[in-house]
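Hi,

Here is the structure I promised to pass on. Have a look at it first, and then read my notes below.

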Amino acid sequence: MIDVVDLKKVYQMGLVEVGALKGVTIHIDKGEFVGIMGPSGSGKSTLLHQLGLLDTPSSGTIRLNSTEITRLSDEERTWYRLMHLGYVFQDYALVSELNVMENVAIPMIAQDRPIDECYEAAKSVLKEVGLLERKDHLVYELSGGEQQRVSIARALVNNPEIIFADEPCANLDTENSRVVLELFRSVNKDLGQTIVMVSHEPWHMEYFDRIIFIRDGVIDEERMRE
Ligand SMILES: Nc1ncnc2c1ncn2[C@@H]1O[C@H](COP(=O)(O)OP(=O)(O)O)[C@@H](O)[C@H]1O
Ligand SMILES: [Mg+2]
């Protein structure tokens, strides 16, 4: 499903070049729940951004199913993200002026689908994450854990092939982190959803099928869950 070969990313900081990824080769199968772990600054977010078409690598290849995504034009990349991928961020990235249901519907509205269809799909995924009764609330009326579940519903709404999550529990306490991790786990098991999640919390490891450890921009180790 995801095939990455010799991926490199160099950031230019004035006169200084920062090698954030120094030749990463990984394979991720359909239906896997993979954790990307490593110390702060090791390149986790950079790797996720390249895989999720949120940034373009300096060299190397990324194939998602049969598509070589490094060859897509900007317009094709935007469309690919909308049609095939879902995202969950540390800060939820919800729109404060919109209610819960409208936030969840955004990826479908962006696809120009009929509005009724968008809201029906939003309600259906809100039910899956246990927040249907909050659909008319504004996001600030929800707790952090609930906001993150709304953002997971938004990631699910267009039936993505892959969900990318960058430290989704970083702003949550342990109890809410567990709720989010268990939600990912059940979405992975029940729907066969492929999920790639970045984390630096060792206790999250028990939720992943496989862990890819990254250090200084290279893969350090890969480990199946014990
Ligand atoms: N936009 C950027 N410009 C310059 N350097 C960056 C940029 N993004 C990340 N870096 C650098 O690349 C390295 C990896 O960063 P990052 O992928 O964010 O690490 P992590 O997510 O593991 O904490 C770090 O040294 C960081 O400072
Ligand atoms: Mg990061």
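How many bridges join β9 to strand β10, and do the two run parallel or antiparallel? There are six bridges between β9 and β10 (residues 218–224), and the two strands run antiparallel. Before I go further, please keep in mind that this is a predicted model.

Let's stay with that pair for a moment. One bridge to look for joins I214 to I219, its partner in β10. β9 and β10 form a hairpin with two residues between the strands, and in that hairpin D216 has a positive phi near 50°. β9 covers residues 210–215, and five of its six residues are buried, which leaves the strand mostly covered.

β9 also pairs with β3, this time in parallel, through four bridges. To find the pairing on your screen, look for M37, which stands opposite F213 of β9. As background, strands of a sheet pair through backbone hydrogen bonds, and they can do so parallel or antiparallel.

Now for another sheet. Four strands make an open sheet in the order β2-β1-β4-β5, with antiparallel pairing. Its edge strands are β2 and β5 (67–68), each of which pairs on one side only. Between β1 and β2 there are 10 bridges, again in the antiparallel sense. If you want one to check, Q12 has E17 in β2 as its bridge partner. While you look at the strands, remember that side chains in a regular strand alternate between the two faces of the sheet.

Next, the ligand. What surrounds ligand 1? Its shell is made of Y11, M13, V18, A20, P39, S40, G41, S42, G43, K44, S45 and T46. By type, that is five nonpolar residues, six polar and one charged. Three elements each supply at least two residues of this shell: β1 (2–13), β2 (16–28) and α1 (44–51). The biggest share comes from α1, with three residues.

- T46 has an N or O atom in its side chain that is 2.5 Å from an oxygen atom of ligand 1.
- G41 uses its backbone instead: an N or O atom there lies 2.7 Å from an oxygen atom of the ligand.
- K44 has a polar side-chain atom 2.8 Å from an oxygen atom of ligand 1.

Taken on its own, ligand 1 has 550 Å² of accessible area, and the protein covers 63% of that.

S42, another member of the shell, sits in the loop between β3 and α1. Is S42 buried or exposed? Its relative accessibility is 3%, and the cut-off for buried is under 20%, so S42 counts as buried. The side chain of S42 also reaches the backbone oxygen of P39, at 2.6 Å.

What about α1 itself? Six of its eight residues are buried, so the helix is largely enclosed by the rest of the structure. The buried ones are K44, T46, L47, L48, Q50 and L51. Just after α1 comes L53, with a positive phi of about 60°.

With a relative accessible area of 12%, E32 is buried, and its side chain makes a polar contact with the side chain of R210 at 2.9 Å. The other is G31, found in that loop too. G31 is partly exposed, with a relative accessible area of 27%. From G31 to E222 there are 191 residues in sequence, while the C-alpha atoms are 17 Å apart in space.

Last, the cysteines. How many disulfides are there? The count comes to zero. C118 is buried, because its relative accessibility is 0%. C169 is buried as well, with a relative accessible area of 6%.

That's what I have so far.

Cheers

Notes: Residues are numbered from 1 along each chain as its sequence is written. Chains are lettered from A and ligands numbered from 1 in the order in which they are written. This is a predicted model: local features need pLDDT of at least 70, side-chain atom pairs count only at pLDDT 80 or more; totals for chains, interfaces and linings use all residues. Side-chain values use heavy atoms; hydrogens and water are left out. A residue is near a molecule or strand if one of its heavy atoms lies within 4 Å of it. A polar contact is a pair of N or O atoms within 3.5 Å; within protein, one must be able to donate a hydrogen and the other to accept it, and residues adjacent in sequence count only if both atoms are side-chain atoms. Accessible areas come from the Shrake-Rupley method with a 1.4 Å probe; for residues, only the protein chains shown count as cover. Ala, Val, Leu, Ile, Met, Phe, Trp, Tyr, Cys and Pro count as nonpolar, Asp, Glu, Lys and Arg as charged, and the others, Gly among them, as polar. A disulfide is a pair of cysteine sulfur atoms within 2.5 Å. Buried means under 20% relative accessible area, exposed over 50%, partly exposed in between (1.4 Å probe, protein chains only). Two strands pair if DSSP finds at least two bridges between them.
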